[in-house]
Amino acid sequence: MFEWFAESMAALSFVDIFNGCVFITFTIMYTYQLLYVLVVLTRRAPVHEAKRNHKFAVLIAARNESAVIADLIGSIRAQNYPAELIDIFIIADNCTDDTAERARAAGAHVFERFNQEQVGKGYALDFGLKSIWEQFPDAGHEAYFVFDADNVLDANYFREMNATFDSGAQASTSYRNSKNFGSNWISGGYGLWFLREAKFLNQARLTLNTSCAVSGTGFFIAADILKRAGGWKWHLLTEDIEFSVSSVIDGVRISYCPTAILYDEQPITFRDSWNQRFRWAKGFYQVFFHYAGGLVRGIAKNPKGYRFACYDMLITIAPGMLLTVISVVFNAAIVILALSGAMSVGIAVASSISSIFFCLFNYIVFMFVFGVLTTFVEWDAIRMSRAKKIRNLFTFPLFQLTYIPIALVALVKKATWKPIKHSISVDVAEFSEAPRKAEE
């Protein structure tokens, strides 16, 4: 038996061994997410009912968002939830337009911030929090919601999130849909990815009672967590995932509310998409290098019931895309060296070519399957025509493929925060039906 194994190994080239190790690593890292799919398809997510209504503050960091800010404020004011229990605060961050004036006219409290050195959403949120604590010390906010200025909310958003908070959640994310799903293949790619994240990651985590992850917008954090932190202390390029990872390490379970629906505006130009996802990729690298050690220790030392959450977050931030990039680059280098005569590798060349094809083909198939699964499970939630939904199934894998060069460039190029232009103003009533009057 040993001799057969030794002969088999000897027949393998170093290229085969390398590619085999990459495949095994991927399998070990991500197989558990197939269990997530089975959980979602076979089990219902838990449902919470609130015993009382709580008081919340809304934090919105806005930079030159005059085209859309009133839509978000309007959808908050149209909630099926007592208006006196929601205070809206806009941080007009380095604005050069009339965002602040429009926000005030729509009924929000506005803090104007001008700081060209500390640039980014995390710094703006910290400024907003400390301004609230200083100017409204007796407001009694029990939790703080974070939204992006381009969002609009379903009319029942706060009612549903209140039930999650009342059940004891210290932080929670929500169902992230898109208000411009059908604009083009770029917005469609984003929209499907966020639905997949909500349905087949966060809902599974909720059902299994492990920790979810917040994703940029549409979440709340309990006031006592932010008080203990002394403000918003998470300032890496992806402050949302940094908060998620930091919380999991500290034993804070982040919940998810599948019935609280938020509509987000997605980029529609490839340049904006590249800039945004480049910042995300760089931010994930930052979070990994800052927190991977803490997550590994958490897997071993955190109390029972919190260890798997550390593993899940470690895999979430692990540069899995980087493994794909390394595999493709390695095999391409072998082919180039062989064709140039710089090295003689024989059968390894054929192995490298097949490995590149296998890697990319598997990635495309995997994304296509997830796209199909998400589309048909969430069919009614996707706001575009049947034809566009079907077409999006085929463009979604191509959209995901563009992450490969982004992940590679993010390794070597410095990232800075760049604004994404939001200009799609919507009829709020279309997305957030105003509550009926009591006499009706």
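Trainee: How do I read the packing of helix 11 and helix 12, and at what angle do they pack?

Mentor: In general, two packed helices are described by the angle between their axes and the distance between the axes. In this predicted model, helix 11 (residues 270-301) packs with helix 12 (residues 307-317) at an angle of about 155 degrees, and the axes are 8 Å apart. That angle makes helix 11 roughly antiparallel to helix 12, since angles over 145 degrees get that label.

Trainee: Is the crossing of helix 11 and helix 12 left-handed or right-handed?

Mentor: Left-handed: that's how helix 11 passes helix 12.

Trainee: Which residues in helix 11 and helix 12 meet?

Mentor: From helix 11 you have F284, V287, F288, A292, L295, V296, G298, I299, A300 and K301. Helix 12 brings R307, C310, Y311, M313, L314, T316 and I317 to the contact. Sort the residues of this contact by type and you get 13 nonpolar, two polar and two charged.

Trainee: How many bridges join strand 1 to strand 2?

Mentor: Seven, and these two strands run parallel, with strand 2 covering residues 86-93.

Trainee: Which way do the partners of strand 6 run, parallel or antiparallel?

Mentor: One of each. Strand 7 (residues 219-222) runs antiparallel to strand 6, with three bridges joining them. Strand 8 (residues 254-264) pairs with strand 6 in the parallel sense, over eight bridges. For landmarks, A171 stands opposite I221 in strand 7, while S178 stands opposite D264 in strand 8.

Trainee: And strand 6 itself, is it mostly covered or exposed?

Mentor: Mostly covered. Strand 6 spans residues 171-178, and eight of its eight residues are buried.

Trainee: I'd like to look at backbone torsions too. What is phi of N64, and where is N64 found?

Mentor: Phi of N64 is near 55 degrees, which is a positive value in a residue other than glycine. N64 is found in the loop between strand 1 (56-62) and helix 4 (69-77). Because its relative accessibility is 33%, N64 counts as partly exposed.

Trainee: What is phi of N209, and where does N209 lie?

Mentor: N209 isn't a glycine either, yet its phi is positive, at about 60 degrees. Look for N209 in the loop between helix 8 (185-207) and strand 7. With a relative accessible area of 49%, N209 is partly exposed; to be called exposed, a residue has to be over 50%.

Note on methods: Residues numbered from 1 in each chain as written. Predicted model: local features only at pLDDT ≥ 70, side-chain atom pairs only at ≥ 80, totals over all residues. Heavy atoms only, no water. Axes fitted to C-alpha atoms, helices over the stretch in contact; angles between N-to-C directions. Helix = DSSP H or I, 4+ residues; strand = E, 2+ residues; numbered from the N terminus. Parallel < 35°, antiparallel > 145°, perpendicular 65-115°, else oblique. Left-handed = near helix turned anticlockwise from the far one by under 90°. Contact = heavy atoms within 4.5 Å. Nonpolar A, V, L, I, M, F, W, Y, C, P; charged D, E, K, R; others polar. Buried < 20%, exposed > 50% of the residue type's maximum accessible area, 1.4 Å probe, protein only. Pairing = 2+ DSSP bridges.
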